[in-house]
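Please examine the sequence and the structure displayed below. The paragraphs that follow consider strands, aromatic rings and the surface in turn.

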Amino acid sequence: MYLRPPAYALLLVAPFALAGETRDYHIAPGNLEQALNQFGRQSGALISFGSAVTQGLSSPGLEGRFDTAQGLDALLRGSGLQARQEADNAYTLQPLPTPAAGAPVELGASTVVGDWLADARQDNVFEHPGARDVVRREAFERSGATTAREVLNRIPGVNAPENSGTGSHDLALNFGIRGLNPRLASRSTVLMDGIPVPFAPYGQPQLSLAPLSMGNMDAVDVVRGGGAVRYGPQNVGGIVNFVTRAIPEEATFKAAMQNQISPSSSHDGFKNSANLLVGGTNDNGLGGALLYSGTRGGDWREHSDTQIDDLMLKGKLQLDEANSLHAMAQYYEGEAQMPGGLSSADYDADPYQSTRLKDKFWGRRTLFNVGYDYKQDDRQFSVNSFYTNTLRSGYLEQVGFVSLSPREYWVRGIETRFSQGLALGDSWHELGIGYRYVNEAGHELRYRENTNANVLPTTDSRNDRDTRGHTEAHAIYLDDRIDIGRWTITPGVRYEMIDSEQTNELNGRRYQGSYNTALPALNVMYHLTDNWNLYANTEGSFGSVQYSQMPNRVTGGAVKPEKARTWEVGTRYDNGDLQAEIGAFLINFDNQYESNQSNDSVIARGETRHQGIETSLRYALDSLSPALSGFDVHASYAFVDATIREDGPNRGNQVPFSSRHKGTVGVGYSDGPWQLDLDSSFQSSQYADNANTGSESADGSTGRIPGYMLVSTRAGYDFGPQLSDLKVAVGVKNLFNRQYYTRSFDDNNKGKYVGEPRTLYVQTSVAF
């Protein structure tokens, strides 16, 4: 046994980590010895082990906030080793004891989790009783992703198509989970650091303005099942939490840029994305960071110029070992031209052209967030308050007129969580209770000018829409995470109480609705071994009636809240080298609705069933042979059968915009400063309407959407600290220039939308 020099040397300069002190760590998966050395440098811990102990072993990495003991346990998971504390901040590595045949599995000590989404660490994912994936910043960079759409498409069961319709710009977010309509992501609970992203989460959840810049994010955490009790309201499409970049422990400056161009399109200008992080933490526990992410330039379509500025200021204060404060302010502003849908004839003539040169979108959001956290032993308590003010507006060509639609929203909210751990006999319980209050208000206007007037509308033009909406919502949850033997069982219930109203200021009509419902859930996990578990869950989902739906009626009466029940069963394995998961799901909708923008109506799709299988695999090939050191392979696949079950002519048809088959395959290689990646993605065909019309309409909005497969590649080099950690990479998206498209059907901007052609990009970054 010998002392690792890197850890020992840094004891002289690294801040001494007390036993209970926590730090933020960002250690990538890879060689275990390298990971331990990096951990020792950052924590100041003295770690002693023999040279042969870690040979050939890998680590799953470390991402999030840990104390020293927790961090070592996470780094060593799957290695067959454990850390034993010999003195203050001094540890040795020992082999895990081999259990006798037939002996029960010894699970690690239970800890209080509190906020299930807070850290988005890999061990959080492994212990989650449902389908869940986290994509981290390193993966963003290695795939060349600059938008949330590109990141979400890496996750099995998630469909994030090219932007289309009135969301055909980078300020919007379109995705659907498990066959749900991806239009403006309206059936998922979308959060940023736990704060609702939609400008009106109950009354107008569509993300035509999604103030999310990937340059300011550390991770994207997608919970497809097993989290509905603690997060809502609309969670049938899962919970997606965007995790912003953490405040550094040391004084830090990081800057990065990506420049890309699509030379084969008729719009061949550059699109540039840049991001910046400046911050650090003092010895007294006061920390802060300034984050910026910006975008300039156009995509592969004509009339697609975009300008986005996203500025964040984050702060934290560790009052003592147990108490801390945090705060965040954000100002997001952007504007984008919308190229619009093309008719079949126009698409055939030039798929990259735009025939809607007046369409444009712009918006801004201001956010303030202040919170308090208490973490001590087996008790956690938090209070998080937030305020957002959002304006979204734009010009849009419609039938016979051009509209200007300014819409402003105000949201005030507070959420509190309390978790208490206690032992009862042979079982361990984490009792959780939470409450959220949201007060939202909105004012929507529309002005218009006749198309033949050839002028853009202003606020002095004819006003044909003036509505005000207001919602007051309370949500309470209660659950109990029970660990007993190999089992973890979590029964819980969420209760939503919603009062909404909309007033038409032009005719004085007022619409009001009160929607209350209890959503019980049950999550079960069985630990076969430390590296292998089984899970199952069932939960309810509830989507309130939106402001735009309140005045509308469908066959059978007024629009009612959507209700659905989800079932999941699956298994997950993670030993550090191999991470694999396979699961099956079933979603039964009682009453599914879709809003038709083109005529301000509501389509009652009625009963639907979404069922399928999702699987993913990542394997570091080092363990197979030394010759394969540095290689890893990854793959994902989802089969989704989303079917209309309502009696009528469309019964048995495929739900629109749902592919039955979708997946990814890729290989990566890392060798010292080099990174090489080759990735592919594929998806099968879809339909645009409930009738599953196969032939294409003249306006391009209806017809089968063919499937396709895309290939991308990237090569990167890290010049190291001698050049301020300069990293340079070049890559190609859609390497073989495969032409593909999507459609917009029930939208004011209907038609065909061509996908991204071959795109070349260069990435550069520095840090010091």
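What is the order of the strands in the open sheet of five strands? The order is β9-β14-β15-β12-β13, and the pairing is mixed. The model is a predicted one, in which local features need pLDDT of at least 70 and side-chain atom pairs count only at pLDDT 80 or more, while totals for chains, interfaces and linings use all residues. Residues are numbered from 1 along each chain as its sequence is written, and side-chain values use heavy atoms, with hydrogens and water left out.

Strands here are DSSP runs (E, at least two residues), numbered from the N terminus. Two of them pair if DSSP finds at least two bridges between them. Strands of a sheet pair through backbone hydrogen bonds, either parallel or antiparallel. Strand β12 (residues 189-192) pairs with β13 in the antiparallel sense over two bridges. The bridge partner of L191 in β13 is P196.

The aromatic rings come next. A pair of aromatic rings is described by the distance of the centres and the angle of the planes. Rings of Phe, Tyr and Trp (its six-membered ring) pair if their centres lie within 6.5 Å; planes under 30 degrees apart count as stacked, over 60 as edge-to-face and the rest as tilted. A search of the whole structure finds ten aromatic pairs. One of them, F253 with F768, is stacked, at 5.0 Å centre to centre and 25° between the planes. This pair links distant parts of the chain, 515 residues apart: F253 is in strand β16 (residues 252-261), and F768 is in the segment after β42 (759-767). Why does F768 count as exposed? Its relative accessible area is 58%, and exposed means over 50%, buried under 20% and partly exposed in between (1.4 Å probe, protein chains only). F253 counts as partly exposed because its relative accessibility is 27%.

F631 and Y669 form a tilted pair, 4.5 Å centre to centre with 40° between the planes. F631 lies in strand β35 (residues 631-644) and Y669 in strand β36 (residues 661-671), so this pair ties together parts 38 residues apart in sequence. Elsewhere, W674, Y717 and F719 form one aromatic cluster.

Finally, consider strand β26, where L478 lies. With 48% relative accessibility, L478 counts as partly exposed.

Methods: Helices (H or I, at least four residues) and strands (E, at least two) are DSSP runs, numbered from the N terminus.
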